[in-house]
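Open the model in your viewer and keep the selection tool at hand.

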Amino acid sequence: MALTLSALLSAPGLGLSLAGSATSTLEREIAWVAVTEQENPAMFLTGGELVLTTGVRQRTAEEQRRFVRVLQRAGAVGIGFGVGLGHDTVPAALVAEANRWGLPVIEVPYQTPFIALGKLVADSHSADHFAKLERLIADHQVLARSLLTGGGLPELLKHLGGMLGTELVLTQFTAELYSSSKDAGAPTMDRWVPFPVPTGRRDACTLWAKKPFDDSGIVGYAQNLISIELNNLTKQRQAQRALAGQVMADVVRGALDTDEASRRLAGVGVNSTRRNVVLLAESAAHHKNLRGTTLPATLDGAVSAMVDHDLVVVVEDDGGRAPKLARNLADHLVEAGIHATIGIGGSYTKPNGLRWSYFESKEAAARGLEVNEPERLSLTSLLLSSEDVPLADMAGEAIGPLVRFDKQHGSELVHTLEAYLNLNGSVAAVADELSLHRNTVRYRLAQIAELTGYDPAVTADRVQLYLALAVRRVARA
């Protein structure tokens, strides 16, 4: 530690002694030593200095008292008065004024040069600085070792919290990634200090330290380590999701037999002998961010994959927890700045069940709500799950003429057909829904029948058109 007045008085060979009764700052560290013979040296002081003088300019009692007051207001830690030059002893007026203001006065004998005191203080600061650097380097090694030995961010932040003597919280946007204590609570600007962690995305990650704490410079190093680890974790998630996505894509396409599918799913962490639910997140605007984003803590242990541009999360569940987990996922993505729609599949065993759950979640997500629960078994999803049925081609053949006609003439035949089917074939309801005359609706229905060859008023044709629209909606999602 830096030298104090008390330690300086005890230094051997200097012959220093305390003049007067003031002792309030004896245990304060000496920031520096200032030698002056000016009447008012305040402009050269920053506080914490031991001011050394021979008093050659303080001849009268008033000058001596004024000198003490100037030093006291400037924040000096004490006065070192050299005797044997201007004064044979420390002036009584100076000592009395120093006692009044609680400013210690040290008598420096003639044979002790002021430079000896300055060297002692400088050496103590150097030693203190060197000791701090040694501690800082040792702390650096502890933090780096916590990552290199596999402890990860929790271990690193545990050590960092101990070094700072405070609680820590790591957040990404507003989602909490780590907390040193269950009772830490949400960080607030009045009680916590934020330290941004660079991750390549603006304000993506912040390390919060609860006040008060002692930072020796270790936080800056920790920020860099956390940034490196977070980017490494993001790359690992991207690689793992790409690999799992390849397996899921093969399962979804039906390209594997049951045994091979089970074996490959097990290789990416999916136990197909148990009941699994697929949660599917799709985001047209932020699909690239889905590749590396974190999952909420409630989905720890789930297997995530990228299939096309969608994030697919496979959860072992009987279906009871799925809605809550989907809500957790949606909230987490929003907090991470990713706006997505979540589709929930059913709970099934075996690879074919996982495939079925995927198509259910895909169809559910197409409804566009933030969280979409699965509906009753869908013939559309069943047909989509079969590579042997050219359903997309069939849908294009049925609906394509309407799409092209709408594009050429600015009409709304597809929209009218969707409303007609959703409103159970009621012309009156469609007219009210679209603010049209009933004859206009009938005319459009006639156009649809003429262009497609399917009459919406005929049950068999209506089913064909409904399936074609459903397939088109899922394919576009």
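Which residues does Leu417 touch, not counting residues up to four places away in sequence? Select Leu417: its contacts (heavy atoms within 4.5 Å) are Ile399, Leu402, Ile448, Pro456, Leu465 and Leu469.

This is a predicted model, where local features need pLDDT of at least 70, side-chain atom pairs count only at pLDDT 80 or more, and totals for chains, interfaces and linings use all residues. Residues are numbered from 1 along each chain as its sequence is written, and side-chain values use heavy atoms, leaving out hydrogens and water.

**The core.** A nonpolar core is a set of buried Ala, Val, Leu, Ile, Met, Phe, Trp, Tyr and Cys residues joined through side-chain atoms within 4.5 Å. The largest one has 22 residues, and Ile399 and Leu417 touch the most other members. Now color α12 (391-409), α13 (413-422), α14 (427-434), α15 and α16 (459-476): each supplies at least two residues of this core. α13 gives the most, six residues.

**Helix α15.** Select residues 438-452. Helices here are DSSP runs (H or I, at least four residues), numbered from the N terminus. Show Val441, Arg444, Leu445, Gln447, Ile448 and Thr452, the buried residues of α15. They lie on the same side of α15, because they cover an arc of only 155° around the axis; the arc is that of the directions from the helix axis to the C-beta atoms. Turn to the face away from the buried side: Tyr443 and Glu450 are exposed there. Buried means under 20% relative accessible area, exposed over 50% (1.4 Å probe, protein chains only). Last stop: Gly453 follows α15, with a positive phi near 85°.

Notes. Expected span 1.5 Å × (residues − 1).
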